[in-house]
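Let's take a friendly walk through this structure together. Have the sequence and the 3D view ready, and follow along one stop at a time.

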Amino acid sequence: MSGSTLSKAWRWSVVRSPLLNLWRRVRYMGYPNHAAFDLLDEAALPDEVDALIRTTLKRSKLWANERAEIARELIAHTQDAIEAGRSGEEIASTFGDPKRIAKLMRRSMKRKRPLYWRAYRNMKRATGVLILVLIVGYSSLAVRFYMGKPAIKRNYIAELNARNDGYSEDEKAWGVYQEADIAWQRLVLEQWYQYRAQEDGGEQGQAKLSRNTFLNQISSSINEYQPGDPEYLRTVGLVRDFAPELVKIREAAQRPIVGILYTDRNESMEIEDGVFELKLLEPNGDPRAQDLLISVLLPDLQITRRYANLLSFDAKLAIEDGDMQRATENYLAIAGIARQNLSQGLMISELTGMSILDLGASSFRQSILEQPDIWSSDQLVSIAHAYAQAGREINLDLSFERMAFDDVLQRLYTDDGAGNGRLTPQGSVLLSSKLMSMTIRGQSEDQVDDRIQRAMDPLKIIGAESREQQRRRYHSAMDAAQRVIREGPKSLWRLQLIESQIEGRYARADESLFGHSPADVMTPAIRSAVNRYFQGRLTNSAFLTMLAIEIYQRDHGQLPESLDQLVPKYLPSVPQDPFNPGFPLQYVVDETGYMVYTAGGDGDLDGGVQIDPEVDRRNFRSLSRRFSFEIELGEDGVPSIVRDGNGRPILLEPDAPDSDWVLIDMRRTPESPAAD
Amino acid sequence: MKLERELMRGAGPTAVLKLLSRHEMYGYELVEALAKQTQGVLAMGQSTLYPMLYNLEAKELIEANWRSADNGRDRKYYCLTGKGKKKLKADMEAWEKLNEAMVSIGVLKGAPA
């Protein structure tokens, strides 16, 4: 913009602004503005001079007292000139151009004005300049911001699907699982019609459940029903009717992968009344037309979890039937389904896989506790192999989470070709609407109004972190998680620190005009996930140890005196407890049975004593107390671990219950069914 | 001969300060004195003189007051302030040096050094 254009803009906005002029008129209304002209009237100067002075005064636009001062002086000057013999014409000829003299008079008189006026004028000018700079600055940022477009180049959904390349359809389980799901829906629907047709007496006068509630309840609560419950008998009927499908599921569970098509497109078709088929459609080949990678559909999680429950239930029925072959295959299938989920590389699939693996192990352990002699050594060995194979897939590689975040970045930011870029309008909307609603932290009620955030968007070009900074922040959190996986639970504090940093930034961002950063929104609950990873491996080790003990017992007719006796024939080595480095898994045996346990939350051995098994189970499932420390915020807002006088981190809950974590309890109490 | 505006802008205030250093004067008196004493070289009309006087007043180099003259009319008399005297002294030294410089390069005639 040239200097003269700027000058014009300035004059218009501050000096000649119609609004400001109107304000000036209002301000001086009623002021004795005619004083100067009264003086001129009184002086009766020659007309030509009088006219020049009046024009000058009018054009000067000075205050009334200033104009009066000038009028008085020019009148005196003219009268002196007349006294000296000058004519009116002569005086007028030396007067000069009234427009120019008015300008010079105005400029010089203003210099004489009081300090407060000059300070006010300078402040006004400075404010005007500031406003102008802000308007120009904001406008240029707005132009730059609204011209930004995300460069969506990588097809991450295709890259995710490429993981299943090389597997034939016969090696993928999804087709079988989906067909079985339709059969399951039909069976449950039939049950529901029967249930609805029943007289109210069956449900003790309670209102009948809707079809969907009925279906969900049956699917999720199968293993909670006990013999004698009305639902138990109904479930037995359902599972027996489902037997042909379970045969297929058991076969499919041994295939290498689930092999679901990862896609953002689907069609739910009602193929008959109340029975739906979810058709997963090929994702669009153009990543720009795709949804976020993190939005891919994962119907396999719910379905496989249900099958694990059904297989576990059917295993109990098979034992009742004396069909140990079927029971074994059911447990092998649960391990297979867990393995398939664990090997998918998505954190949510891995967590589901660990949960399924725990379900199978727990159910199998219970079967031995109830009927010690029903399993042969060969069956135990095959179970051990399947659970060891699945356990090896517990690795939490976080590759999907990294891809999902990089996909988000390419949809939020521009791309300068070197991995950096700035937030785009589409990206800003995506971040504050869809991504915020998907986050585990959710949307705060204190959040700044969305319209204000939109108005602040252009400022994010300079005020918010860049694409590269976001990428670094997210991936360094993932790197930290993998470092903790390598180093063990003793390093969990690193993730505690990262999460408290995120929580701090998140809380501040709720009230910030710049909103939340994508890395903070997208970072999953990594500490909890990594803790779950350690627990998953530990419970799997404990289960394999139990199987080794059981096989040993069948081979030797008695329980081993120590776990060392299992090495190397039944176990390659005694498993270590990652939560208590230096302490391998512990084993205690007495006349009622045996226990496999660890040193627990307090880190010392108490011979397998549990103060409160319920509390211990909860502690074990949530976060390890031994590795949760006090965090304090520094003056710069950066959190750090609080340490005692000896430099040791201070535990968040130093008074953790003094008990061990019992992972496998094979003691038979007088009440247990085996003692009957 | 009249000076160009830029030259007048430099010389005018010093000339006015010099005239006022002798005794206080009113506007018309200053116009007359400048025209006569400089043979019209530094002659200036109201459009130049009064803005210049107001500027000097704003800089506190001169001060003014209204008084009745012998003819009974009011006139605004200007006189030099202490600050104005110092400024005049500095300006005169500067003009001396300028004069010497102009002589040395032959723009002005003067006695050889």
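Rings of Phe, Tyr and Trp (its six-membered ring) pair if their centres lie within 6.5 Å; planes under 30 degrees apart count as stacked, over 60 as edge-to-face and the rest as tilted.

Before going on, please note that this is a predicted model, in which local features need pLDDT of at least 70, side-chain atom pairs count only at pLDDT 80 or more, and totals for chains, interfaces and linings use all residues. Residues are numbered from 1 along each chain as its sequence is written, chains are lettered from A and ligands numbered from 1 in the order in which they are written, and side-chain values use heavy atoms, with hydrogens and water left out.

Back to the rings: over all chains, the count of aromatic pairs comes to 20. One of them joins Tyr533(A) and Phe534(A) edge-to-face, at 5.2 Å centre to centre and with 65° between the planes. Both Tyr533(A) and Phe534(A) are buried (under 20% relative accessible area; exposed is over 50%, partly exposed in between, with a 1.4 Å probe and protein chains only).

Rings can also have a charge over them, which here requires NZ of Lys or CZ of Arg within 6 Å of the ring centre and within 35 degrees of the ring normal. In chain A, the charged end of Arg113(A) sits over the ring of Trp117(A), 4.5 Å from its centre. Another such case brings in both chains: Arg72(A) lies over the face of Trp66(B), 4.0 Å from the ring centre.

Next come the helices and strands, which are DSSP runs numbered from the N terminus (helices are H or I with at least four residues, strands E with at least two). Helix α5(A), residues 64-83, has 20 residues and reaches 28 Å from its first C-alpha to its last, close to the 28 Å expected at 1.5 Å a residue; the expected span is 1.5 Å times one less than the number of residues. Of the 20 residues in α5(A), 14 are buried. Just after α5(A), Gly85(A) takes a positive phi of about 95°.

Now for the strands, which pair if DSSP finds at least two bridges between them. In chain A, β1 (residues 265-272) and β2 (residues 275-281) run antiparallel and are joined by 7 bridges; Asn266(A) has Leu280(A) as its bridge partner. These strands form a hairpin with 2 residues between them, and Gly274(A) in the turn has a positive phi of about 80°.

Chain A also has an open sheet of 3 strands in the order β3-β4-β7, with antiparallel pairing. Because β3 (586-590) and β7 (661-665) each have a single partner strand, one side of each is left without a neighbour in the sheet.

β2(B) and β3(B) form a hairpin with 5 residues between them, where Gly72(B) in the turn has a positive phi of about 90°.
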